[in-house]
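Hi,

Here is the structure I promised to pass on.

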Amino acid sequence: MTSTHTPHASPAAPAAGDRRRWYALAIVMTAAFMDLVDVTIVNIAIPSIRQNEGASFSQIQWITAGYALAFAAGLITGGRLGDIHGRKRVFLIGVAGFTLASALCGLAVNPEMLVASRILQGAMAALMVPQVLSIVHATFPAHERGKVFGLFGAIVGLGAVSGPLLGALLTEWNLFGLEWRPIFLINLPVGIAALVLGGRFITESKAPRALRLDLVGVALVTLGLLMLVYPLTRGRELGWPLWGHLSMAGAFVVLAVLVAYERRKSARDGSPLVELSLFRVKSFAAGIAVQTVFGVALGIFFLVWTLYMQVGLGWSPLRAGLTGVPFSVAVSVAAGVSVQKLVPRFGRKVLQAGALVMTAGVLLYLWESEHYGLGITSWHMALPLVVMGVGMGLIVAPLTDAVLSQVPREHAGSASGLINTVQQMGNALGLGLVSVVFFGTMSDDLAPARIGPAYADAFQNALGWVAAVLAVIFLLMSALPKRPAQHVEGAAEEEQAGGATEGAAAEKEAALA
């Protein structure tokens with residue numbers, strides 16, 4: 001959940017003694033929590049959706065990838081819309097749209113409607129989420145923001161643990177015979193309350209010099225990714241037709257056109273979607289590559305893990321949700337220790353150690369899955385999940401500072417936004433690759449006796465891919481600065497907002513467990 005632009009405090013911000021600003025904080029934090037929990041809830045309910053609605057493998061992927069793709073494509077534009085038209089206004093429009101999309105998801109009559117509603121939900125989240133930290137930044141004086149960002153981190157941590165459990169409980173309880181639908185419908189009362197109270201307590205703010213929108217850039221990014229991800233998700237079912245290969249090749253042509261267009265737009269009016277000059281900074285270019293590839297690894301792992309536990313092993317959603325708790329806790333603890341104790345002493349080596357530790361956890365999980373077969377238990381999984389969680393925690397928290405440390409501070413806002421955007425895009429690409437590395441190893445018509453072994457084999461194959469991707473991440477990290485430079489005192493309070501939100505975004509990825 002990243003701030004995708006440079007926030008500026010509004011002169012209309014409430015005075016330090018005004019109690020209304022704490023109400024405003026509670027409202028925007030609730031919206032951020034709603035978005036985070038929605039992502040984690042959906043993952044745990046995917047097998048139930050597939051069983052009850054007869055969704056195909058590609059539709060399962062698009063229920064999650066469609067959201068990630070729409071969210072990624074709209075993040076930077078959503079942030080700039082808030083700068084131009086007012087963060088409160090755009091936030092409330094985003095909340096209203098997210099609530100409506102949640103209702104459409106809950107009332108979906110078929111998988112196609114659910115996929116379309118999830119794409120709408122992602123687009124509305126892209127309007128809502130970038131405003132959260134910008135509103136905080138405009139509402140609170142500098143000396144209070146440290147406390148506020150700490151509260152934000154706590155909310156993210158709470159969502160990381162409670163999301164999967166809430167999703168598991170709502171799915172298992174089958175409230176009013178609605179099966180999986182309450183995981184979306186629960187957003188309705190929360191969204192309506194946020195709309196009513198937000199209109200009353202949030203103070204409006206705008207950026208004095210907002211950049212123009214780059215809708216052509218957004219269209220090119222979205223088209224390029226769709227041309228790459230759509231054939232990946234449908235190719236296996238359709239027998240890998242020629243148009244799929246042409247589409248994937250054409251995606252790189254579209255992205256090349258995007259680069260040329262952004263270069264021209266930057267020279268013409270200085271407001272490109274992507275600030276290409278950032279890529280001349282070695283640490284930033286390497287960091288963007290790390291974020292993208294890391295998103296791919298997480299996109300693959302969390303979906304196949306859920307399917308493995310609930311379909312392959314036949315576990316209930318609640319058991320699957322509880323199995324993921326050690327992972328979430330390990331990420332949170334390791335992230336705190338990483339930032340406060342380890343990175344100041346050891347710098348880049350901490351991130352590289354995190355990649356190696358996470359790889360070790362994946363390989364341990366692979367070995368246990370092969371060794372115990374369908375008799376594997378949650379207790380068997382606890383150790384590899386804790387090792388993976390520790391490794392991930394060592395990476396996610398300090399990565400943003402490492403990437404931004406050599407970026408000119410006037411570009412900190414756009415750089416921060418780009419970091420989270422490419423991670424979401426990587427996530428969508430990883431979800432698309434699930435059809436190759438997971439579903440590609442099994443036939444469509446499995447006899448009941450073959451489902452468990454087939455899913456176990458596919459999970460092990462996917463873990464091998466995740467381990468390979470993590471090895472690539474380790475190599476890319478060698479281009480990061482050995483020790484992140486300290487930002488100049490007061491260099492840009494905007495960076496603080498961007499960095500804080502990006503940290504939350506990284507934790508959000510961890511929360512998918």
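H15 gives the second largest pocket the largest share of its lining, six residues. Bear in mind that this is a predicted model. The pocket holds about 510 Å³ of space. It is lined by 23 residues, and those closest to its centre are Val221, Leu255, Leu258, Val422 and Met425. Besides H15 (412–437), the elements that each give two or more residues to the lining are H2 (57–85), H8 (215–234), H9 (242–269) and H10.

H2 is also where you'll find Thr77. Is Thr77 buried or exposed? Its relative accessibility is 12%, under the 20% cut-off, so Thr77 counts as buried. Leaving aside residues up to four places away in sequence, Thr77 touches Leu213, Leu215, Val218 and Leu273.

Now for H10, which I'd look at next. This helix covers residues 282–312, and its 31 residues should span 45 Å at 1.5 Å a residue; the end C-alpha atoms are 43 Å apart, which agrees. Of those 31 residues, 25 are buried, so H10 is largely enclosed by the rest of the structure. After the helix comes Gly314, with a positive phi near 75°.

What about the nonpolar cores? The largest has 103 residues, and the members that touch the most others are Phe284, Trp305, Tyr308, Tyr365, Met381 and Phe438. H10 turns up again here, as it supplies the largest share of this core, 17 residues. There is also a second, separate core of 34 residues, with Leu92, Met124, Ala126 and Phe152 among them. As general background, nonpolar side chains in soluble globular proteins tend to be buried together.

Finally, the chain as a whole. How many helices and strands does the protein chain have? The count is 17 helices and zero strands. Of its 513 residues, 58% are buried. Taking contacts between residues at least 6 apart in sequence, 86% join residues at least 24 apart. The chain exposes about 19100 Å², and 66% of that comes from carbon and sulfur atoms.

Cheers

Methods
Residues numbered from 1 in each chain as written. Predicted model: local features only at pLDDT ≥ 70, side-chain atom pairs only at ≥ 80, totals over all residues. Heavy atoms only, no water. Helix = DSSP H or I, 4+ residues; strand = E, 2+ residues; numbered from the N terminus. Expected span 1.5 Å × (residues − 1). Buried < 20%, exposed > 50% of the residue type's maximum accessible area, 1.4 Å probe, protein only. Core = buried A, V, L, I, M, F, W, Y, C linked by side-chain atoms within 4.5 Å. Contact = heavy atoms within 4.5 Å. Areas by Shrake-Rupley, 256 points an atom, 1.4 Å probe, with all protein chains shown as cover. 1 Å grid on protein atoms, 1.4 Å probe; cavity = no way out; pocket = protein on both sides within 12 Å on 5 of 7 lines; lining within 4 Å. Points joined across faces, edges and corners; volume = space filled by probe spheres on them.
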